[in-house]
Amino acid sequence: MNKFSLADVNLWYNDFQALKNITMDIPANMITAFIGPSGCGKSTLIKSLNRMNDLVEGCKITGNIMLDGEIIYGNIDVNLLRKRVGMVFQKPNPFPMTIYDNIAYGPRTHGIKSKFKLNEIVEKSLRDAAIWDETKDRLKKSALSLSGGQQQRLCIARALSVQPDVLLMDEPTSALDPISTSKIEELVIKLKKDYTIVIVTHNMQQAARISDNTGFFLLGELIEYGGTGQIFSVPGEKRTEDYITGRFG
Amino acid sequence: MKIAGLFKMKRRKPLDFVLFALTWICIGLTVSVLALVVGYVLINGVMYIRPSLFAFQYTVENQSLFPALVGTLMIVAMALTLSVPIGVFSAIYLVEYAKRGSRFVRIVRVTTETLAGIPSIVYGLFGFIFFGVVLGWGLSLMSGAFTVSIMILPLIMRTTEESLKAVPDAFREGSFGLGAGKLRTVGRIVLPAAMPGILAGVILAIGRIIGETAAIIFTLGNVARMPNNLFDTGRTLSAHMYALANEGTHPGEAHATAAVLLIVVILINALSSRIARLIKAS
Ligand SMILES: Nc1ncnc2c1ncn2[C@@H]1O[C@H](COP(=O)(O)OP(=O)(O)O)[C@@H](O)[C@H]1O
Ligand SMILES: [Mg+2]
């Protein structure tokens, strides 16, 4: 089953074309990795999946992106789209409030007021993001008191709090130490059972370790897309092979 | 730093030591100038503070500063009520809603910067003519408050703008990414994060109002009595001091008034930073 279907997606920042004719399907309940050198458009593409690009002035997009068969750049409620398609950013960005309020912010946004319900959601989200044990005694403490790796898992919990279908992760471990990174990788693999995950990564080993499918991008184009095992063992394109073996990028 | 450490540093890195010493000399100078002013005002003033200085009615004998104190607090409260909402909301519009770097934003910015640079006496003249004469409010709390509120508006707007801009975009992205709309993002995430900076601007504004004389004397007047209503004249502590110092017949009371003015400013600052801390904590 495909979660996203992209057809002929082109995207411009003013006059600069950042994405060129991207056509790809992203399957549900799998981990899809985007790899490629800096500036090739990975973040741009992942942000167009929940329309975070709408916030960028001068950004124009053509083509078709469908989520569960529904066109997302049409007449839909963007806020509901972003509720369904959650996002985790490169740098952990917890809000400057308590751990509890960080998680409760999303559900409250979507109208949940009951204290009991909120407590339940906060605990479940923190458990699902494997950070409950570290935070359960300090829910009323500022989220900024957590370490970088904990903050990132808190941000994952925050994204899970609104019960999304999809989790977009833009280089979620690039600002973290190796131990925090492996914790997040384990977590991502666990989450794939319930969520569709799209992850941008700079780290070849990471893509190879955790993803089911990998797309390789270069200068705004999707050069090659397929099963991760195949891309990493028998890449169909010379340029993919050069990148994976570290000859550029 | 321990003295021994200082000597070690002196031996190893002479330039470091010179810079270090220079910093401390500058800090010392700043603090001692401040201490000198505060000390001078308090030492000369406190001994003249008597209960009669706080009599409800001003008379030539008691030289009461109470009407001026009330006038000061009224002007501060009225001016803030007018300019804080307008200034804060304008800044929110400019930073969060208007297209960044658009012509309109640039024009508004240049205008506020120009307004901020105008000497207060010009505001006084304008207020006197517009509020006093054209609108017929005369010399009154209303004319005074409206005039100083225009005067502090650019300050409030600028500080609010700066503190909103200092809120990292990552917070906004985090909020939008959860499906929150603009209003909720601004109201629940951006504004609370910017609040300490906004309050610092308000404190600066209060300081400007309290210290103002020229614009106040032109619009509120400088009559030493309790205002009966918002369209009545009165005076503020600074204007009161100006009058006392000018007359020169009551130097003791003038000093006492200066001490009280200083204490009021310190109290208001302490109160505001307390409020800032409370807001931050909640
Ligand atoms: N807001 C923007 N305005 C203009 N150009 C942008 C903007 N964001 C990204 N770009 C450009 O688009 C290209 C792709 O950027 P990005 O998607 O961030 O790449 P990646 O995430 O693969 O490193 C880059 O050349 C970048 O300079
Ligand atoms: Mg990127």
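Two strands pair if DSSP finds at least two bridges between them. In chain A, A:Leu11 stands opposite A:Ile61, and A:Ile61 belongs to β4(A). Please keep in mind that what we are looking at is a predicted model.

Let me place that pair. Strand β1 of chain A covers residues 2-13, strand β4 of chain A covers residues 59-67, and eight bridges join them. The two strands run antiparallel. They are part of an open sheet of four strands in chain A, in the order β2-β1-β4-β5, and the pairing is antiparallel. Which strands sit at the edges? They are β2 and β5 of chain A, each of which pairs on one side only. Strand β5 takes in residues 70-71.

Now the other pairing I want to show. Strand β9 of chain A, residues 213-218, and strand β10 of chain A, residues 221-227, are held in an antiparallel pairing by six bridges. β9(A) and β10(A) make a hairpin, with two residues between them. In that turn, A:Leu219 has a positive phi of about 45°.

Next, chain A as a whole. It has ten helices and ten strands. The C-alpha trace spans about 55 × 40 × 35 Å along its principal axes. Why does a radius of gyration of 18 Å agree with a compact globule? Because a compact globule with 249 residues would have a value near 18 Å, and chain A has 18 Å. Of those 249 residues, 45% count as buried. If we take contacts in chain A between residues at least 6 apart in sequence, 69% of them join residues at least 24 apart.

A single residue gives an example of such a contact across the sequence. A:Glu185 lies in helix α7 of chain A, which covers residues 178-191. Leaving out residues up to four places away in sequence, A:Glu185 touches A:Gln206, A:Arg209 and A:Ile210. From A:Glu185 to A:Gln206 is 21 residues in sequence and 7.9 Å in space, C-alpha to C-alpha.

On to the ligand. Among the residues that surround ligand 1 are A:Tyr13, A:Phe16, A:Gly41, A:Lys42, A:Ser43, A:Thr44 and A:Val56. Which elements of chain A each supply at least two residues of this shell? They are β2, residues 16-27, and α1, residues 42-48. The most comes from α1(A), with three residues. By type, the shell has five nonpolar residues, six polar and one charged.

Last, the second chain. The contact between the chains takes 20 residues from chain A and 15 residues from chain B. On the chain B side, α7 (169-177) and α8 (182-211) each give two or more residues.

As for confidence, chain B averages a pLDDT of 90, and 95% of the residues score at least 70. For the complex, the predictor gives an ipTM of 0.93 and a pTM of 0.87.

Definitions and conventions
Residues are numbered from 1 along each chain as its sequence is written. Chains are lettered from A and ligands numbered from 1 in the order in which they are written. This is a predicted model: local features need pLDDT of at least 70, side-chain atom pairs count only at pLDDT 80 or more; totals for chains, interfaces and linings use all residues. A residue is near a molecule or strand if its C-beta atom, placed from the backbone, lies within 6 Å of it. Ala, Val, Leu, Ile, Met, Phe, Trp, Tyr, Cys and Pro count as nonpolar, Asp, Glu, Lys and Arg as charged, and the others, Gly among them, as polar. Two residues are in contact if their C-beta atoms, placed from the backbone, lie within 7 Å. pLDDT is the predictor's confidence in each residue, from 0 to 100. The radius of gyration is taken over C-alpha atoms; the globule rule is 2.2 Å times the number of residues to the power 0.38. A residue is buried if 20 or more other C-beta atoms lie within 10 Å of its own, exposed if 12 or fewer, and partly exposed in between; C-beta atoms are placed from the backbone.
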